[in-house]
Amino acid sequence: MTRKSSPTLAFLCGLLSDARVWEPVVERLPAALPTRIFAFPGHESLTTMAETVLHDTDGPLVLIGHSMGGRVALEAVRQAPERIAGLVLANTGVHPPAPGERDGRQRMIDIARSQGMAALAEAWLPPMMGAAPDRVAALMPSLRQMVTGYALAAYLGQIEALLGRADAGSVLAGYAGPVLLMSADHDRWSPPAQHAAMHDLAPHAALTIVPGAGHMMPVEAPEAVAASLAEWLTQAVMTEAE
């Protein structure tokens with residue numbers, strides 16, 4: 001039997017995020033597969049974010065998107081479905097902007113503009129967290145640095161990308177390759193029920209709910225995320241690459 005080329009694992013970061021969110025997961029995975037981590041400062045649309053991922057990689061991809069990164073993954077599926085060997089959507093959704101979402105995001109924008117990115121980090125990060133208090137306290141210094149490392153213009157560009165998103169339900173429903181949906185039991189932004197609704201669109205998908213974490217699940221519970229991801233890769237993706 002001729003073995004197909006192994007896919008690259010492309011980890012896609014979310015709003016105001018960088019490699020710090022995915023690195024604790026990547027370092028717990030087997031080293032057999034090549035990996036890339038993509039963050040998206042300097043973009044104002046999901047389209048260009050996905051184009052960057054596709055342009056900067058070769059061959060088949062397993063797209064592993066967190067939050068906004070999940071939206072980027074779905075856009076990459078729309079653009080180049082033949083290259084996508086697997087799809088992981090973590091703490092994300094497929095719906096277009098909800099009524100009132102622009103107003104809610106505008107409140108965060110106003111804080112960033114009037115008080116700076118450090119104040120934004122203090123307002124934005126705590127509701128994203130769902131781990132035990134001591135775990136959150138240990139993570140917050142690095143996460144604050146991550147957010148304050150963003151320029152205001154980069155943040156505003158990502159917000160425009162999210163507010164300009166289309167309904168991606170048909171993209172998920174039409175993708176026949178392996179899919180893993182991951183949420184966390186304390187994620188208030190992209191809760192388990194939202195992922196259950198996505199599972200209705202893609203009933204062939206695996207669905208995992210990670211306990212003791214919130215919206216920042218990959219950094220809050222990297223052991224559980226890596227274990228679920230490794231098992232899914234072995235069972236659903238690598239068998240298809242043989």
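Ala-10 is in contact (heavy atoms within 4.5 Å) with Arg-36, Phe-38, Val-53, Leu-61, Val-62, Leu-63 and Ile-64, leaving aside neighbours within four places in sequence. The model is predicted: local features need pLDDT of at least 70, side-chain atom pairs count only at pLDDT 80 or more, and totals for chains, interfaces and linings use all residues. Residues are numbered from 1 along each chain as its sequence is written, and side-chain values use heavy atoms, with hydrogens and water left out.

**Ala-10 and its strand**
- Ala-10 sits in strand β1, residues 8-12. Strands (E, at least two residues) and helices (H or I, at least four) are DSSP runs, numbered from the N terminus.
- Ala-10 counts as buried because its relative accessibility is 0%. Buried means under 20% relative accessible area, exposed over 50%, and partly exposed in between (1.4 Å probe, protein chains only).
- Arg-36 is 26 residues from Ala-10 in sequence, yet their C-alpha atoms are 4.9 Å apart in space.

**Nonpolar cores**
- A nonpolar core is a set of buried Ala, Val, Leu, Ile, Met, Phe, Trp, Tyr and Cys residues joined through side-chain atoms within 4.5 Å.
- The largest core has 62 residues. Leu-12, Leu-63 and Trp-124 are among those with the most contacts inside it.
- Helix α5 (residues 117-128) gives the most to this core, with 7 residues.
- Apart from this core lies another, of 26 residues, including Leu-9, Ala-184, Val-225 and Leu-233.
- Leu-12 is in contact with Trp-22, Phe-40 and His-66, among others, leaving aside neighbours within four places in sequence.

**Ser-228 and its helix**
- Ser-228 lies in helix α11, residues 222-237.
- Ser-228 is buried, with a relative accessible area of 18%.
- Ser-228 touches Leu-180, Met-182 and Thr-208, not counting residues up to four places away in sequence.

**The whole chain**
- The protein chain has 11 helices and 6 strands.
- Of its 242 residues, 53% count as buried.
- For 242 residues, a compact globule would have a radius of gyration near 18 Å; the protein chain has 17 Å, which agrees. This radius is taken over C-alpha atoms, and the globule rule is 2.2 Å times the number of residues to the power 0.38.
- Along the principal axes, the C-alpha atoms fill a box of roughly 60 × 35 × 30 Å.
- Among contacts with a separation of 6 or more, 77% join residues 24 or more positions apart.
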